[in-house]
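Me: I'd like to learn how to read charged pairs and pockets in a model. Can you walk me through this one?

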Amino acid sequence: MKKLIFILITFVTINNISYANLNTLTCKSLLNKNKANIVYGQNFAKEEMSPNIWLFFQKVSLNNNYLNIISIDDDKPIREWKIDLVSGEATLIPMFDPKSQWLCKI
C-alpha cells in the first residue's frame, strides 16, 4: 500500500511540473463568433478544434509578447496563428480558407 501511495504522489508531482509552464488562451472569431482554445508553452502548443479534438503545432515561436504557432503536414503549413499576447489581437491563417481576425483572452 505504501508503494502505491508513493507512486501516485510521484506521478502527480511530475505531472504538475510538466504542465506548470503552460498558458491557456480562449479565442473568438470577430467574423462569425467561432471559438478556439489554445494551450501553449515555450516549446509546445495545441489548439482544441472541437471538444476533445486537438491539433498540435510543430513550430512555436514566443518572442516578446507575440506567439506564432504553425501546424505542418507534408512540409506545408496547414494552420498558423499570430497572436499579440498584450492586446489579444490574433490572425488565423488556415491552409484552404481566407485569413481571419480573432480576439484572444488569457
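Me: Are Glu-47 and Arg-79 buried or exposed?

Reply: Glu-47 is buried, and Arg-79 is buried too. Keep in mind that this is a predicted model.

Me: What do Glu-47 and Arg-79 form with each other?

Reply: The general idea is that side chains of opposite charge can pair when their charged atoms come close. Here, Glu-47 and Arg-79 make a salt bridge, with 2.9 Å between the closest N and O atoms. That pair ties together distant parts of the chain: Glu-47 sits in strand S3 and Arg-79 in strand S7, 32 residues apart.

Me: How many salt bridges turn up in the whole structure?

Reply: A search finds 2. Glu-80 and Lys-82 also pair up this way, at 3.9 Å from N to O.

Me: Why does Glu-80 count as buried?

Reply: Look at relative accessibility: buried means under 20%. Glu-80 counts as buried because its value is 17%. Lys-82, with a relative accessible area of 40%, is partly exposed.

Me: Okay, now pockets. Which residues lie nearest the centre of the largest pocket?

Reply: Rolling a probe the size of a water molecule over the atoms shows where empty space is left. In this model, the largest pocket holds about 250 Å³ of space. It has 17 lining residues, and Asn-32, Asn-34, Leu-92, Ser-100 and Trp-102 are nearest the centre.

Me: Which strand gives the largest share of that lining?

Reply: That's S3, with 3 residues. By class, the lining of the largest pocket splits into 7 nonpolar, 4 polar and 6 charged residues.

Key: Residues numbered from 1 in each chain as written. Predicted model: local features only at pLDDT ≥ 70, side-chain atom pairs only at ≥ 80, totals over all residues. Heavy atoms only, no water. 1 Å grid on protein atoms, 1.4 Å probe; cavity = no way out; pocket = protein on both sides within 12 Å on 5 of 7 lines; lining within 4 Å. Points joined across faces, edges and corners; volume = space filled by probe spheres on them. Helix = DSSP H or I, 4+ residues; strand = E, 2+ residues; numbered from the N terminus. Nonpolar A, V, L, I, M, F, W, Y, C, P; charged D, E, K, R; others polar. Salt bridge = Lys/Arg side-chain N within 4 Å of Asp/Glu carboxyl O. Buried < 20%, exposed > 50% of the residue type's maximum accessible area, 1.4 Å probe, protein only.
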